[in-house]
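Visitor: Please take me through one part of this model in detail: the place where a ligand sits, and how the parts of the chain around it are arranged.

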Amino acid sequence: MKRIAVLGAGSWGTVLANLLLKNGHEVTLWTHKPAQAAEITQQHTNQHYLPDFVLEPELTATADLKTALVGADVVLFVVPTNATREVAKKVVAGLTELQQRPIIVHASKGLEQQTHKRLSEVLAEEMPDATRQAIVVLSGPSHAEDVAAGDITSLTAASNDLAAAETIQQLFMNDYFRVYTNTDVIGVEMGAALKNVIAIGAGALHGLGYGDNTKAALMTRGLAEISRLGVAFGAEPLTFIGLSGVGDLIVTCTSVHSRNWRAGNQLGQGESLAAVLKNMGMVVEGVATTKAAYELAQQKHVDMPITTAIYHVLYEQKDIGTEIATLMKRAGKMELA
Ligand SMILES: NC(=O)C1=CN([C@@H]2O[C@H](COP(=O)(O)OP(=O)(O)OC[C@H]3O[C@@H](n4cnc5c(N)ncnc54)[C@H](O)[C@@H]3O)[C@@H](O)[C@H]2O)C=CC1
Ligand SMILES: O=C(CO)COP(=O)(O)O
């Protein structure tokens, strides 16, 4: 039995906290919203993020970070990518005062907007050795709504420290949640972040009325460019045919639960990006990651035509139909080049 602080009470943080509690661990969920902490602890619901899902009655939430961190063996970050650095700074202050050194895990999927860094890099930068053991990334095809319903789900726990990844694997495993380990942190984080970009494209195709052939083409060629960029940063190519690569790409490009897919679908139906983001009420990671991926591709001279087209639509207000036509007019090439 471990004591675990889960930071971020959106849909994913709440479901992971609930699962860890059901697995027999002592869990405290931290949210920066006091009213939400009260709702989770007293009413056992989190209506905004998980409508109608009843939480374990023993799950407690707090808006006081230090209360969540006291005695924690593991600290699990599940806040949006662009809040991770800010929250890490607060966690460092708390852990320094408490003189604790937990394993740090993150389950978020994105590249930091300003620096384009992966989240394990952000956490390593902000958290000195005295405040942490290893950093582990938890990733894979896993919509919170499906895990809440007890759907069989498989993820990967990636770390440079295999023993720490194995510890985290054991924390989460149960009869419907199976976790593998991986040591390719770069590949796992790049796959997780970049699939959100392609999912916006898949949603847009759906919104425009395209069929299954088109969506399969987008996913397959999307995976080709995800792998190219990942490998340029040192990822192992095989990681992209794993859970955090093709696995997460499939679920995010095909599920109505995906916020990235839903955002794309609404864009395809003619909504403006501003309206889509306003209506979603939850994080759509792929929007910021599209810009990061586009800029990284330019920096590394990696060909990413689909990501470029999505960047044009999101950031330069280009027409989706024109971007699709431009993609189709490119010269023929070898499939595996
Ligand atoms: N929802 C899902 O099914 C899955 C989500 N993820 C990833 O997990 C991460 C979180 O996603 P969700 O839980 O879905 O997001 P969400 O939009 O449902 O919730 C985000 C939570 O973070 C909080 N938050 C926002 N800014 C904050 C700040 N500056 N300080 C503290 N808390 C802050 C919000 O109040 C909210 O409670 C994302 O990176 C997402 O890609 C990964 C796998 C599945
Ligand atoms: O990462 C996810 C599923 O594995 C969640 O995707 P969305 O953020 O698009 O909902």
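Guide: This is a predicted model, and the domain assignment of its protein chain gives two stretches, domain 1 (3-183) and domain 2 (193-328). Taken over C-alpha atoms, the centres of domain 1 and domain 2 are separated by 26 Å. Where the two meet, 23 residues of domain 1 are in contact with 23 residues of domain 2. On the domain 1 side of this contact, at least two residues each are supplied by α4 (81-98), α6 (144-148), β7 (153-158) and β8 (177-182). The largest share of that side, three residues, belongs to β7. By class, the side of domain 1 that touches domain 2 consists of 14 polar, six nonpolar and three charged residues.

Ligand 2 also involves both domains: domain 1 and domain 2 each give at least three residues to the shell around ligand 2. That shell has 13 residues, and S142, T252, S258, R259 and N260 are the closest. Sorted by class, six residues of the shell around ligand 2 are polar, four are charged and three are nonpolar. As for secondary structure, α8 (185-208), α10 (243-254) and α11 (259-268) each contribute at least two residues to the shell around ligand 2. The largest share comes from α10, with three residues.

Notes. Residues numbered from 1 in each chain as written. Chains lettered and ligands numbered in written order. Predicted model: local features only at pLDDT ≥ 70, side-chain atom pairs only at ≥ 80, totals over all residues. Near = placed C-beta within 6 Å. Helix = DSSP H or I, 4+ residues; strand = E, 2+ residues; numbered from the N terminus. Nonpolar A, V, L, I, M, F, W, Y, C, P; charged D, E, K, R; others polar. Domains from an automatic or database assignment. Contact = placed C-beta atoms within 7 Å.
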